[in-house]
Amino acid sequence: MPIISAFCKKGGVGKTTFLGYLAHYHATQGKTVLVISADDQNSIFKIFGVDNFVNDRDDDFFEHLLVGEKQPQDITFEARINMYLMKTLNTDRLSLNLTLKRSEEKHLRQIIESFNQYFDYIFIDFPPSSSRLSEILLDISQSILIVVGLDTLGLQGFSNTIQYFVDTDIDLAKIKYVVPVGYIKGRRAPIKCLKDLKDQAKMLTPNAIITTPVKDKAEIKNIQTEGISIFDNQPMKDRFHQKNFDEIKKDLISIFKEINLD
Ligand SMILES: Nc1ncnc2c1ncn2[C@@H]1O[C@H](COP(=O)(O)OP(=O)(O)O)[C@@H](O)[C@H]1O
Ligand SMILES: [Mg+2]
């Protein structure tokens, strides 16, 4: 059961979107997947239009698993066929506990490893902030995808991320892919950023594969506000253009095929 994480120390670059669609795509291919949201904002739930799950049961904390007050199924929701989402809340408090008590850290690792029997893949969605919880979850990941926005701040986010890995002693070799997001054909700035990113990655993460960049597509934002996933097999509403969606889907699938999860 490989654990795949999407991380970057910069918010709003498209981590949750990319990871969510990657997970949903594999679910549509017959795999059973779990997405653990390590982000208190739980925005993965919004992307799939199921944020009522988060709001309705706001007393469900990931830390309850640790003390045995809750079972995994109590904080897991089937958002789509074969795709489950697990929320967290109060991760700062959880992080503090993990910092103070080594036994809790061990227990957390064991709990996640025990999911092995239920899922083909576990995906973890991170907040841009870092905490002891993030360190542990990154450490148990087999593959980490660094999602990088193709602008100056995005590039800064990439180098900050590498710095963070070095500072916290997380193995840089776990970074298997760098995923650039925000490519606009014919626009000079993102093309230049992509080139700079490739130069930086060659130095900092020489073993990571840089995927084909994800295009900047306003339609993604639009369907997310409706709670529709690009991999939902339903005709798009009239005000969305089916052709655009088919194109986004095709581009994403070809990028997903560059990523070996196993
Ligand atoms: N390829 C894309 N093109 C255009 N907008 C995107 C793309 N990917 C994500 N977005 C939008 O950008 C915003 C931030 O995306 P999100 O995945 O939540 O980023 P992060 O998890 O890094 O904070 C969201 O409104 C999302 O709809
Ligand atoms: Mg996010």
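**Entry 1: terms and ground rules**

Axes are lines fitted to C-alpha atoms, for helices over the stretch in contact, and angles run from 0 to 180 degrees between N-to-C directions. I am working from a predicted model, where local features need pLDDT of at least 70, side-chain atom pairs count only at pLDDT 80 or more, and totals for chains, interfaces and linings use all residues. Residues are numbered from 1 along each chain as its sequence is written, while chains are lettered from A and ligands numbered from 1 in the order in which they are written.

**Entry 2: the whole chain**

I looked up the secondary structure and found 11 helices and 9 strands in the protein chain; helices (H or I, at least four residues) and strands (E, at least two) are DSSP runs, numbered from the N terminus. The radius of gyration is 18 Å, close to the 18 Å from the globule rule for 262 residues, so the chain is as compact as a globular protein of that length. That radius is taken over C-alpha atoms, and the rule is 2.2 Å times the number of residues to the power 0.38. I noted a C-alpha trace spanning about 55 × 45 × 30 Å along its principal axes.

**Entry 3: α5 against α7**

I then turned to two helices. Helix α5 (residues 91-100) packs on helix α7 (residues 132-139) at an angle of about 75°, and their axes are 7 Å apart. The pair is therefore roughly perpendicular, a label for angles of 65 to 115 degrees (under 35 is roughly parallel, over 145 roughly antiparallel, the rest oblique). From α5, T91, L94, S95, L98 and T99 meet R132, L133 and I136 of α7; contact means C-beta atoms, placed from the backbone, within 7 Å. I sorted the residues of this contact into 4 nonpolar, 3 polar and 1 charged. Ala, Val, Leu, Ile, Met, Phe, Trp, Tyr, Cys and Pro count as nonpolar, Asp, Glu, Lys and Arg as charged, and the others, Gly among them, as polar.

**Entry 4: L98**

I picked L98, which sits in helix α5. L98 is buried, with 22 other C-beta atoms within 10 Å (buried is 20 or more, exposed 12 or fewer, partly exposed in between, with C-beta atoms placed from the backbone). Leaving out residues up to four places away in sequence, L98 touches E104, E105, L108, R132, L133 and I136.

**Entry 5: ligand 1**

I counted 16 residues around ligand 1, of which G14, K15, T16, T17 and K221 come nearest; near means a C-beta atom, placed from the backbone, within 6 Å. Helix α10 gives the most to this shell, with 4 residues.

Notes
Two residues are in contact if their C-beta atoms, placed from the backbone, lie within 7 Å.
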